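Biologist: Please take a close look at the aromatic pairs in this structure. How many aromatic pairs are there, and where do their residues lie?

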Amino acid sequence: MAELRFTVDTEQPVSVRNFLRGRNGVSARLLAKLKHREGGITCNGEPIRSIDMVRAGDVIILDMGENSTAEPNPLLRVPIAYENDSLVVFDKPAGMPVHESHGHRGDTLANYFAYLYPELTFRPVNRLDRNTSGLCIAAKDAHAANLLQGSCEKVYYAAVSGITEEAGTIDAPIARKQESVILRCVREDGRPSVTHYQRISFNKRYSLLEIRLETGRTHQIRVHFAHIGHPLAGDDMYGGSVSDIDRQALHCGRLSFSLPLTGETVTVESELPGDMQWLMQGGLSVGDNNSL
């Protein structure tokens, strides 16, 4: 979205700042950024300051004109599970990073976003590891990103080694592993971390779990299930076997969020990918009363 448009509907005159922040959730950071941009904030087509007064019927426009910094890649293809003027939900495949990094240039979700929306900045609201598949929501402007932060409810699905309890909660603090930039571990001085799970099915080697997080620590699901002796299948970084799958068997399968401009709740779902379905069904004997 190149611009945000608001029509003033208050009975009494109100400052631009109070109208936008108090009633429409525009962040102070965004207002500060726009007031320094020529034409960043206009009222009825004329530039206006955030301290100026507006009245019922006035139309305020915020110019969100921003450019993506990633190089567009038209050769990439990522399914879109949901889209409107404020956001897009991608169904990211395993193996695709969300952001560019030293080892990944041109092959990321950011590069595909830049191809689809060359005039916009890539603002992922929930970030998935490169080898985690599933739903990833990206806001199309800073205002939508601000409203979506902390409002998304995510449901993950994981295939873990062994047969877990039918349901449980893992409450164990997570910290950065000493001398490692990437690895995390459970440690008493770590940050509080809570994971809830429900077993959906199991076979002789794996359990398929539905997982909800109270906290969002780096590698939280992977660390917590390794901690209780059930590492994710394919997650060799945390002790999982790669004999049946070559990536961590983790999928973001459901996202619920409130639309930034209307407040309407939307739920988007993604089918369990084929490699994880194979783990639970492909030639393995599923529990009598626990089939998918």
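Modeller: This is a predicted model, in which local features need pLDDT of at least 70 and side-chain atom pairs count only at pLDDT 80 or more, while totals for chains, interfaces and linings use all residues. Residues are numbered from 1 along each chain as its sequence is written, and side-chain values use heavy atoms, with hydrogens and water left out.

Rings of Phe, Tyr and Trp (its six-membered ring) pair if their centres lie within 6.5 Å; planes under 30 degrees apart count as stacked, over 60 as edge-to-face and the rest as tilted. By this rule there are 6 aromatic pairs. One of them joins Tyr82 and Phe257: the ring centres are 6.0 Å apart and the planes stand at 65°, so this pair is edge-to-face. The pair links distant parts of the chain, 175 residues apart, with Tyr82 in strand E7 (residues 80-83) and Phe257 in strand E17 (residues 250-258). Helices (H or I, at least four residues) and strands (E, at least two) are DSSP runs, numbered from the N terminus.

Buried means under 20% relative accessible area, exposed over 50%, and partly exposed in between (1.4 Å probe, protein chains only). Tyr82 is partly exposed at 23%, whereas Phe257 is buried at 1%.

Another pair is formed by Phe90 and Tyr112, whose ring centres lie 6.1 Å apart with planes at 65°, so it is also edge-to-face. Phe90 belongs to strand E8 (residues 87-92) and Tyr112 to helix H3 (residues 109-116), so the pair ties together parts 22 residues apart in sequence. Phe90 is buried, with a relative accessible area of 0%, and Tyr112 is buried at 7%. Together with Tyr115, Phe90 and Tyr112 form one aromatic cluster.
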